[in-house]
Structures are given as structure tokens and as C-alpha cells.
Amino acid sequence: MKFSPTTIEGAYLVEFTPHSDERGYFTRTWSAKAPADIDIVTDLTECSVSYNEKRGTLRGMHYQVAPHAETKLVSCTGGRVFDAIIDLRPGSASYLRSFVSELTPENGRQLYVPAGCAHGFLTLEDCSYVRYQITDTFTPGAARGVRWNDPQFGIDWPDRPAVIADRDANYEDFDA
């Protein structure tokens, strides 16, 4: 696995290194033994999948507050998604910055999202699957969100959502 820093402090693009032969390839997508030169949480205790039937489905921008803040490793196992994170940690050098990446099964990218960052995505194809490995269990009372198109974050979404939950569409502007 290759860890590439992003513009968000503590967030990484994680790319696999496939071992290929006539059958296809094999690759490790996560290991608790991270490179010594990066500081990440490796205890990802829960795994979830979201299936998104329609292109243009937007989920996000979600996070959980302490003490239930979640670190996530996000990948696309089918279809294609435009994935985004926003740093909401006031003490961070990248506070209020965003980072985006396209995730597909073919490009093998995963996004390591540190606790305190909001996460969301827009599907770019029908039948897209997003897999999350997470450090904490979902706690409804700790769930929060920010509006996907709040201009404060400057995310250049490739399209407007065709499918979005009322909750996600109606978050207030973020109050820093």
C-alpha cells in the first residue's frame, strides 16, 4: 500500500500495489502495520457498505462528534464516486479546507479520513458501492453534518445531486 498525503492534515490517499498474473491481481487493501513515518489510527473496528442505485446520489457531508468521532477508510468497490472531505478540526493547520478524489475499483484509491473531518460523496455511475472501515460504532446522538454545497468549503462538485436526503440538503451554513 502506498500512502500519499492530501491537502488535509492527517488525511491520505491510500493506493494498493497489485500483484498481477494471468488470473488477475491480488492486493492488500489495509494492514494494521502502517508505515512508520505516518501517524494514523489502524484499529478500524467496524465495516459498512452503502449501495447507491442512481447516478447523482449525494451522501454527506457527515461526521460524528467526540467522544464518538470516527476515523474512516473509504473505498469504492463498484461504480464510481466523487469523494470529498472537509477538515472541521479548529486546531488543524488545514481547518475548513476540503479535499476531493475520484474513487473507483479500477484506480484502487481509498481515502483515509481522520476523525473530525466531514465526509461525503456523489455517485458518478448507477449502482455504485462505497465501503467504509470505521474506528467507532455509529452513535445517532453524535451524528452531525454540514451542507454539501456550503461555499465556505469551496468544493467543485462535478454535478448537482439528483438524489439527496432532506437532511443532507438542508444543513445550515457552517458557523466557524
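Visitor: Does Thr27 count as buried or exposed, and at what relative accessibility?

Guide: Buried means under 20% relative accessible area and exposed over 50%, with partly exposed in between (1.4 Å probe, protein chains only); Thr27 has 15% relative accessibility and therefore counts as buried. This is a predicted model, in which local features need pLDDT of at least 70 and side-chain atom pairs count only at pLDDT 80 or more, while totals for chains, interfaces and linings use all residues. Residues are numbered from 1 along each chain as its sequence is written, and side-chain values use heavy atoms, with hydrogens and water left out.

Visitor: Where in the chain is the place of Thr27?

Guide: Thr27 belongs to the loop between β4 (24-26) and β5 (46-52), where strands are DSSP runs (E, at least two residues) and helices likewise (H or I, at least four), numbered from the N terminus. The chain has 14 strands and 1 helix.

Visitor: Which residues is Thr27 in contact with, leaving aside its neighbours within four places in sequence?

Guide: Contact means heavy atoms within 4.5 Å, and, with those neighbours set aside, Thr27 is in contact with Phe16, Thr17 and Pro18. For Thr17, the backbone oxygen lies 3.4 Å from a polar atom of the Thr27 side chain.

Visitor: How much of the chain is buried, and what share of its contacts joins residues 24 or more positions apart?

Guide: Buried residues make up 48% of the 176 residues in the chain, and, among contacts with a separation of 6 or more, 77% are between residues 24 or more positions apart. Along its principal axes, the C-alpha trace spans about 50 × 35 × 25 Å.

Terms used
A polar contact is a pair of N or O atoms within 3.5 Å; within protein, one must be able to donate a hydrogen and the other to accept it, and residues adjacent in sequence count only if both atoms are side-chain atoms.
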